[in-house]
Amino acid sequence: MTAVTPTRDSASRYRIEPTVMQALRSPRLLTREVLAGLVVALALIPEAIAFSIIAGVDPRVGLFSSFIMAVAIAFLGGRPAMITAATGAIALVIAPVAREYGMDYFIATVLLGGLIQIVLALLGVAKLMRFIPRSVMVGFVNALAILIFTSQFPQLIGVPWLIYPLVAVGLLVMYLMPRITKVIPAPLVAIVLLTAAVVVFAWNVPNVGDQGELPESLPELFIPNVPLTFETLQIIAPYALAMAVVGLLESLMTAKLVDDITDTHSRKTREALGQGAANVLSGAFGGMGGCAMIGQTMINVKASGARTRISTFLAGVFLLVLVLALGDVVSIIPMAALVAVMILVSIATFDWHSIRLSTLKRMPKSETAVMLITVIATVWTHNLAVGVILGVIAAMIMFARRVAHFVSVTRTLSDNGATAHYAVDGELFFASSNDLTTQFEYADDPDTVVIDMSRSHVWDASTVAALDAIVTKYENHGTNVTIEGLNDTAAAFHGRLAGNLGAGH
């Protein structure tokens, strides 16, 4: 007797181990989560400052936003161990508001963007992730790896020569450290060693303190002073909608990436709701808003091995503690150490298997083309949404072209030649049914024609219109036509639309 394996219920399917309670009971796991949070916090500081500059706001705005969002998403998000903070994608989208209308309109945009994300989450936008092909996902990952790497160029061009050996040593430490022990995250060791070397030898190299002023007090409630009018909505709504879409897209794709890395399932709808709520909270305290961060998430999950919400929560807490209580210490961390961490992250993020010659030879050319379109569009525009949307459109077009060629029509005559029998094979939709009318011999066929659809399926109105046109052409020749073999769904669809589309009439 064959044993039947019971399917997991919804709760167990989304149960990700180790849980927070398991980590709290295990000194080894807890140490890993705490140190991972510390490494992420150190990496968040220069990024938050840099993104604040991109957005045209005070560096403290980005730092406060990163603190609030990291702490909020630790409780509200659907993907444990994923890092959410101020990001370059969001900064680029809403930068024009701060530049043209001022800080109050900027914060109002962040608040509205968060509310739109909540609405989109309730409408089930997270379920649309299933329509993003694997080739687009691979392109997304590779493009992000390239952007993470190229974003380090400002710290590597026109800098003291000491930067280069420091970065090289940092990379070497992170490469060798996991071979010795994985208890202490390799990025943390690299940061501590390079900082100690710079202080001991008094080397004059760029550090975190050079990136901008660090805050000296806790964030305060911020109510934007904007008129509650339709004119205000017209100003901020386009930017808020763009922020909401880009933020959700980047967050949900990052969550999917972490799911793949950790072989677990996460709640995408809850993640989308959490992102919206975190952005609302960020705006309420004068933050710039953000979304999931691929770089810091990879540091947390891949480089440091974190798996629970503890690391995400502590990343936010450590960030605030570091900039408030230990601002002087944090400011002396050389940028070379953080550059080395981000370069390692970019190398680990890139899907090297996707560009191997053996892979490219086996992979359909259309799949490779979609990946390249996604990569080029994302890197060219520095906009994740543009790259993914263009990649999905390209995948749809190439899929439609490929499937369209799988339709065939076979003609046979009965023994007495009184009946022509046509067998239609394949999936019939707008791309494949447009040529369907050309595959019948209207003038040469006998008085009776049977069209067998048992090995095909009618998917859209274009196909029904094509069948109507075929029937009309035969009727004009005085031929009796019978369509048979439609399955129940296709028959109901055809019966509802046939003769009502104007095709051939």
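1. The model is predicted: local features need pLDDT of at least 70 and side-chain atom pairs count only at pLDDT 80 or more, while totals for chains, interfaces and linings use all residues. Residues are numbered from 1 along each chain as its sequence is written, and side-chain values use heavy atoms, with hydrogens and water left out.

2. The structure holds eight salt bridges (a side-chain nitrogen of Lys or Arg within 4 Å of a carboxyl oxygen of Asp or Glu). One of them joins Arg32 to Glu33, with the closest N and O atoms 3.9 Å apart; both Arg32 and Glu33 are buried. Asp259 and Lys268 meet through their side chains at 2.4 Å, N to O, and both Asp259 and Lys268 are buried. A network of salt bridges links Arg79, Asp259 and Lys268.

3. A pocket here is an open set of points on a 1 Å grid over the protein atoms alone, where a 1.4 Å probe fits, with protein on both sides within 12 Å along at least five of seven lines; lining residues have an atom within 4 Å of a point. Grid points are joined across faces, edges and corners, and the volume is the space filled by probe spheres set on the points.

4. Helices (H or I, at least four residues) and strands (E, at least two) are DSSP runs numbered from the N terminus. The helix α3 gives the most to the lining of the largest pocket, with seven residues. Others that supply at least two residues include α5 (88-101) and α7 (134-150). By class, this lining has 19 nonpolar, 12 polar and two charged residues (Ala, Val, Leu, Ile, Met, Phe, Trp, Tyr, Cys and Pro count as nonpolar, Asp, Glu, Lys and Arg as charged, and the others, Gly among them, as polar).

5. The second largest pocket holds about 680 Å³ of space. Its 30 lining residues have Met137, Lys256, Leu257, Asp259 and Asp260 as the closest to the centre. The lining of the second largest pocket has 12 nonpolar, six polar and 12 charged residues, and α10 gives the most to it, with five residues.

6. The largest nonpolar core has 110 residues, and Ile45 and Phe106 touch the most other members. To this core α3 gives the most, with 12 residues. Such a core is a set of buried Ala, Val, Leu, Ile, Met, Phe, Trp, Tyr and Cys residues joined through side-chain atoms within 4.5 Å. A second, separate core has 21 residues, including Tyr442 and Phe493.

7. Thr87 lies in the loop between β1 (84-85) and α5. Thr87 is buried, since its relative accessible area is 3%. Not counting residues up to four places away in sequence, Thr87 touches residues including Phe51, Met288 and Cys291 (contact means heavy atoms within 4.5 Å).

Terms used. Buried < 20%, exposed > 50% of the residue type's maximum accessible area, 1.4 Å probe, protein only.
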